[in-house]
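Biologist: I am new to this structure and would like to learn how to read it. Could you take me through it step by step?

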Amino acid sequence: MCTTCGCEQPDNTTRYTIPGQEDTHEHNNEHSHEHLHPHNHKHEHSHSHEHDHEHSHSHSHDHSHSKVVQLEQDVLEQNNLLAERNRGFFEAKNIKAINMVSSPGSGKTTLIEKIITDLKSELKFYVIEGDQQTMNDANRINATGAPVIQINTGQGCHLDAEMVNNGVKKLDVADNSVLIIENVGNLVCPAMFDLGEAHRIVVISVTEGEDKPLKYPGMFNSSDICIINKTDLLPHVDFNIKKAKEYALQVNHHLKFFEVSAKTGEGLDKLYEWLQEKK
């Protein structure tokens with residue numbers, strides 16, 4: 001259970017899978033056992049002291065709320081500490097880590113496919129894919145030739161610094177490379193979790209409302225790049241790019257914008273220049 005946002009994962013298990021390698025599930029089993037041990041201990045305790053357990057349960061409500069608040073603080077603190085370790089590792093190895101976030105259907109995966117296909121002769125890419133279930137996105141990235149690992153979060157609604165740390169180790173990310181982290185499609189919870197990235201890119205599409213920045217200010221405030229995708233559909237949708245930018249700048253006046261179409265390639269040249277400058 002994530003006490004920060006309320007999400008949870010079935011059996012406390014996060015799956016790490018590299019396409020074609022089934023043995024990447026070993027870490028999950030070890031991780032889940034660590035959570036199972038205290039569960040078994042509590043079960044034995046309650047079995048041998050049934051009366052005490054009932055008694056303690058009856059007045060546990062007086063303390064449970066304060067414990068939940070404290071645990072929420074600890075979760076973010078531990079995540080942030082590990083995120084700083086990730087950031088230090090990335091900087092030492094000259095790995096440009098990008099955390100790409102958006103709502104579902106904005107075109108993140110298509111955009112990443114296009115970026116890798118067009119620039120793989122100039123930049124070395126690694127990709128961490130975050131989804132609740134399936135290998136669909138990892139398989140798509142794998143087809144481009146870039147090393148990729150799929151992190152399935154179960155019912156979890158975001159990636160965290162520990163997941164990224166584990167993913168980077170399993171991928172064995174090389175020095176002087178670009179690491180693209182495609183976060184779980186969600187404009188709320190991923191905003192709270194620093195992964196150690198150098199840049200956070202929020203992607204919106206013209207098929208969404210231009211008021212997204214006002215509805216989800218946390219995500220736009222924590223990002224430094226905003227990509228407006230699917231511009232090829234502008235003649236067919238009611239979307240005002242100028243207004244979308246105005247709303248986004250109200251939330252974060254430091255945002256840098258790229259207007260692109262991952263399908264046609266329109267506007268990608270400017271994004272590619274930015275990627276290469278950051279290399």
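Biologist: Which residues of the largest nonpolar core touch the most other members?

Modeller: First, a word on the model. It is predicted, so local features need pLDDT of at least 70 and side-chain atom pairs count only at pLDDT 80 or more, while totals for chains, interfaces and linings use all residues. Residues are numbered from 1 along each chain as its sequence is written, and side-chain values use heavy atoms, with hydrogens and water left out. Now the general idea: in soluble globular proteins, nonpolar side chains tend to be buried together. A nonpolar core here is a set of buried Ala, Val, Leu, Ile, Met, Phe, Trp, Tyr and Cys residues joined through side-chain atoms within 4.5 Å. Buried means under 20% relative accessible area, exposed over 50%, and partly exposed in between, with a 1.4 Å probe and protein chains only. In this structure the largest core has 28 residues, and Leu111, Ile115, Phe125, Ile201, Ile227, Leu271 and Trp274 touch the most other members.

Biologist: Which elements give two or more residues to this core?

Modeller: They are β2 (96-102), α4 (108-119), β3 (125-131), α5 (136-142), β5, β6 (199-205), β7 (225-229) and α10 (268-278). Helices (H or I, at least four residues) and strands (E, at least two) are DSSP runs, numbered from the N terminus. The chain has ten helices and eight strands. Another core, of 18 residues, lies apart from the largest one and includes Ile151, Leu159, Val168 and Leu195.

Biologist: What does leucine 271 contact, beyond its neighbours within four places in sequence?

Modeller: A contact means heavy atoms within 4.5 Å. Leucine 271 meets Leu111, Ile115, Ile227 and Phe258.

Biologist: Is glutamate 182 buried or exposed?

Modeller: Glutamate 182 counts as buried because its relative accessible area is 3%. Its place is in strand β5 (residues 178-182). Setting aside residues up to four places away in sequence, glutamate 182 touches Met100, Lys108, Thr109, Ile112, Ile128, Glu129, Gly130, Asp137 and Leu159.

Biologist: Where is asparagine 186 found?

Modeller: Look in the loop between β5 and β6. Asparagine 186 is buried too, at a relative accessible area of 15%. Its side chain reaches the backbone nitrogen of valine 188 at 2.8 Å. Asparagine 186 and methionine 219 are 33 residues apart in sequence and 9.4 Å apart in space, C-alpha to C-alpha.

Biologist: And how many residues apart in sequence are leucine 171 and isoleucine 18?

Modeller: They are 153 residues apart in sequence, with 8.0 Å between them in space, C-alpha to C-alpha. Leucine 171 lies in helix α6 (residues 161-171), and Ile18 is among the residues in contact with leucine 171.

Notes: A polar contact is a pair of N or O atoms within 3.5 Å; within protein, one must be able to donate a hydrogen and the other to accept it, and residues adjacent in sequence count only if both atoms are side-chain atoms.
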